[in-house]
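Good morning, and thank you for coming.

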Amino acid sequence: MAKITFITQDDEQITLEADSGSVMELAVENGIAGIDGDCGGVCSCATCHVHVKPEHQAKVGEASEIEQDMLELDDEANEYSRLCCQIEVSDDIDGVIFKVAH
Ligand code: FES
């Protein structure tokens, strides 16, 4: 079981628990504002863009090459950007905080 926190553009902080699926699915199922998951999780829309808290980046890992290519098209992208459909929920990311990028 992992506890995952989202911070929305309105600075609302929402902590959810899950043990499987992607971070995007968790966000969409729980109506997190700003995470739409339009492409269904196949890394082709960037509507699941989040910024990982810098101190949590090592836990979450780096974006893949395909993911980076998508992120390059997004003005809000920075070194802490991830597309959260590409992040699997597991105990490894327990306690991680994601700031919604849009
Ligand atoms: S849901 Fe489309 S890129 Fe993540």
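Predicted model: local features only at pLDDT ≥ 70, side-chain atom pairs only at ≥ 80, totals over all residues.

Glu67 lies in helix H3. What does the side chain of Glu67 make a polar contact with? The partner is the side chain of Arg82, at 2.6 Å. A polar atom of the Glu67 side chain also lies 2.9 Å from the backbone nitrogen of Leu83. Leaving aside neighbours within four places in sequence, the residues in contact with Glu67 are Cys43, Arg82, Leu83 and Gln86.

Leu83 leads us to the strands. Leu83, in E4, stands opposite His49. Strand E4, residues 81-83, pairs with E3 in the antiparallel sense over three bridges. E3 also pairs with E5, again antiparallel and over three bridges; there, Val52 has Phe98 of E5 as its bridge partner.

In a regular strand, side chains alternate between the two faces of the sheet. In E3, His49 and His51 point one way, Val50 and Val52 point the other way, and all are buried.

The largest one has 29 residues, and Ile4, Phe6, Val23, Ile35, Cys84 and Phe98 have the most contacts inside it. Elements giving two or more residues to this core include strand E1 (2-7), helix H1 (23-29) and helix H3 (65-71). H1 gives the most, with four residues. As for Ile35, its contacts beyond four places in sequence include Met24, Ala27, Val28, His49, Val50 and Cys84.

Technical notes. Residues numbered from 1 in each chain as written. Heavy atoms only, no water. Core = buried A, V, L, I, M, F, W, Y, C linked by side-chain atoms within 4.5 Å. Buried < 20%, exposed > 50% of the residue type's maximum accessible area, 1.4 Å probe, protein only. Contact = heavy atoms within 4.5 Å. Polar contact = N/O pair within 3.5 Å; in protein donor to acceptor, adjacent residues only side chain to side chain. Pairing = 2+ DSSP bridges.
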